Amino acid sequence: MDALLTKTKIIKEAATEPKKKISGSETLLQCLVEENVKTIFGYPGGAIMPIYDALYSYADQLTHILVRHEQGAIHAAQGFARVSGEPGVVFATSGPGATNLVTGLADALIDSTPLVCITGQVFAHLLGTDAFQETDVINTTIPVTKWNVQVTEAKDIAPAIAKAFYIAKTGRPGPVLVDITKNAQNELIEEMEYKKCESIRTYKPKPVLQLSEIEAAAELINGAKRPYILAGQGILLSGACQELVAFSEKTGIPVANTLLGLGAIPADHPNYVGYLGMHGNYGPNVNTNECDVLIAIGMRFDDRVTGNVSKYARQAKIVHIDIDKAEINKIIKADVAVCADAKEALQSLTQKCKAGHHEAWISTFREFKKLEHEKVIRNELEAGGELRMSEVIHLLSELTNGEAIVVTDVGQHQMVTSRYYAYKKSRTNVTSGGAGTMGFALPAAMGAKVAKPKQQVIAVIGDGGYQMTIQELGTIMQYGIGVKILVLNNNFLGMVRQWQQLFHGKRYSFTEMQNPDFVKIAEAYSIKANKVTEREKLKDALKEMLEANSSYFLEVVVGKEDNVFPMVPAGAGVSEVMLEIPK
């Protein structure tokens with residue numbers, strides 16, 4: 001009896017024993033570990049210092065990459081997320097630290113990239129007083145986040161982080177931001193069990209597939225003579241690449257990709273007909289206005305795809321499949337709207353659609369390809385004279401068999417890469433699409449390499465965009481990140497210059513650039529570097545870059561007035577695409 005009383009007393013004492021207390025900062029880090037985060041990109045400062053102090057003891061669980069600018073942190077996190085499919089995580093301090101994330105947030109929101117950004121904030125009692133480095137980050141970032149929240153008490157950190165990860169990666173992915181005041185970071189609370197968020201009452205990320213919509217779409221497709229698939233990034237985000245191929249192969253329908261959809265179907269697949277958009281392939285643009293049923297999957301009818309909307313696919317019945325209801329009927333009215341996850345929709349649609357063959361229809365794309373080759377491609381790859389961006393990228397594609405992760409910046413080189421790099425695998429095309437953010441590529445390639453260290457990662461950048469985030473060479477040096485950097489240098493802001501040439505009487509207003517010695521800069525950061533100005537040295541230089549075991553910088557000097565064609569001029573319809581400079 002005495003032994004039983006003693007045991008009961010021990011149990012009661014254990015039950016009443018106070019739980020261990022930890023700071024809000026450590027609570028945050030424990031949450032990240034529970035969410036299986038391994039890598040953080042960030043830059044410390046006063047308002048986030050308690051979190052960084054706690055991070056010191058988590059070195060065996062969380063790897064922190066110290067960037068050289070907060071914009072570099074968020075673009076690196078984007079690159080990480082785009083190739084891994086998992087949310088990229090960013091730390092930044094208050095005030096300018098937080099506002100330096102805005103460009104990346106806007107980029108991630110429009111390109112559906114999952115991010116969780118943690119910003120430090122001044123003490124709660126100082127909010128609204130214009131304290132040192134205080135900025136109203138919540139109202140600043142509302143337009144450029146999927147969700148944001150400010151946390152002023154330590155007890156609210158774990159629920160906010162759980163909700164943040166759930167919102168960032170479910171449905172149409174996007175960036176979220178959690179702003180944590182310094183007092184909440186310092187406050188001690190009882191250690192608690194972390195509960196992942198699995199649902200939010202007012203948030204339904206995955207629409208229920210409606211079979212009536214699938215049946216209506218199948219009826220249109222089964223009766224079509226010239227059906228046409230426009231495949232966007234939604235295919236990649238939902239993991240539906242195999243389903244897209246299966247659907248196309250069963251029905252015999254040709255597939256074109258948007259800029260962010262590149263890699264959704266292998267470039268060498270017989271049903272793949274090319275790249276859509278302002279600088280896309282000729283056939284895919286022209287035949288948009290020739291098809292009778294247009295099936296848009298996981299794409300949002302961006303203006304760079306549609307051109308003049310009043311002239312876009314007026315003859316066609318439109319089937320639009322998208323997980324985001326807000327995108328349906330926003331730009332182009334759908335005859336059949338399927339608001340659903342692309343993978344589920346394609347699986348169901350493939351079952352409902354009849355087997356088909358559209359060889360005669362696909363042959364029209366091949367004829368347009370021959371015309372494009374005659375007017376554009378042959379000249380760009382075989383003409384001689386100055387080195388051209390197109391031949392550099394074409395050779396790069398051949399040397400890597402189209403299997404490298406290629407991260408592009410924004411401008412002519414981006415469009416040339418989209419046309420001449422033959423992507424064979426999903427999640428290997430990383431670029432800034434909707435926002436068109438110059439300076440994106442270098443840090444994004446850095447993040448992509450951290451996520452996929454065993455894969456070849458190549459940043460293709462123009463001389464203008466490269467200099468916007470060139471300081472991240474320091475990050476590459478410090479952490480030994482083996483990214484390959486290929487700068488196509490024409491000493492111009494090339495895309496703007498092309499417009500000035502074609503539409504502004506060759507008035508090159510502030511687009512010519514006097515550049516530094518890029519090779520010396522790379523070498524100053526202990527990065528092996530080379531420069532090519534002659535065609536006969538290009539192949540060996542590219543091979544040396546690709547075979548390097550560490551980071552490598554290669555500058556290729558290309559023609560100053562190298563233009564990108566085809567081109568759909570502003571205000572024109574997609575079938576009015578130009579193949580050359582008007583005579």
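Predicted model: local features only at pLDDT ≥ 70, side-chain atom pairs only at ≥ 80, totals over all residues.
Local features were kept only at pLDDT of at least 70 and side-chain atom pairs at pLDDT 80 or more, while totals for chains, interfaces and linings use all residues. Residues are numbered from 1 along each chain as its sequence is written, and side-chain values use heavy atoms, with hydrogens and water left out.

The sheet is open, with six strands in the order E3-E2-E4-E5-E7-E6 and parallel pairing; strands are DSSP runs of E of at least two residues, helices runs of H or I of at least four, both numbered from the N terminus, and pairing takes at least two DSSP bridges between two strands. Strands E3 (63-66) and E6 (147-151) sit at the edges with a single partner strand each, so one side of each has no neighbour in the sheet.

Turning to charges, a search of the whole structure gives 20 salt bridges, each a side-chain nitrogen of Lys or Arg within 4 Å of a carboxyl oxygen of Asp or Glu. One of them joins Glu35 and Lys169 at 3.9 Å, N to O, linking the loop between H2 (24-34) and E2 to helix H8 (residues 157-169) across 134 residues. Glu35 is buried at 8% relative accessibility, whereas Lys169 is partly exposed at 39% (buried is under 20% relative accessible area, exposed over 50%, partly exposed in between; 1.4 Å probe, protein chains only). Arg172, Asp324, Glu327 and Lys330 form a salt-bridge network.
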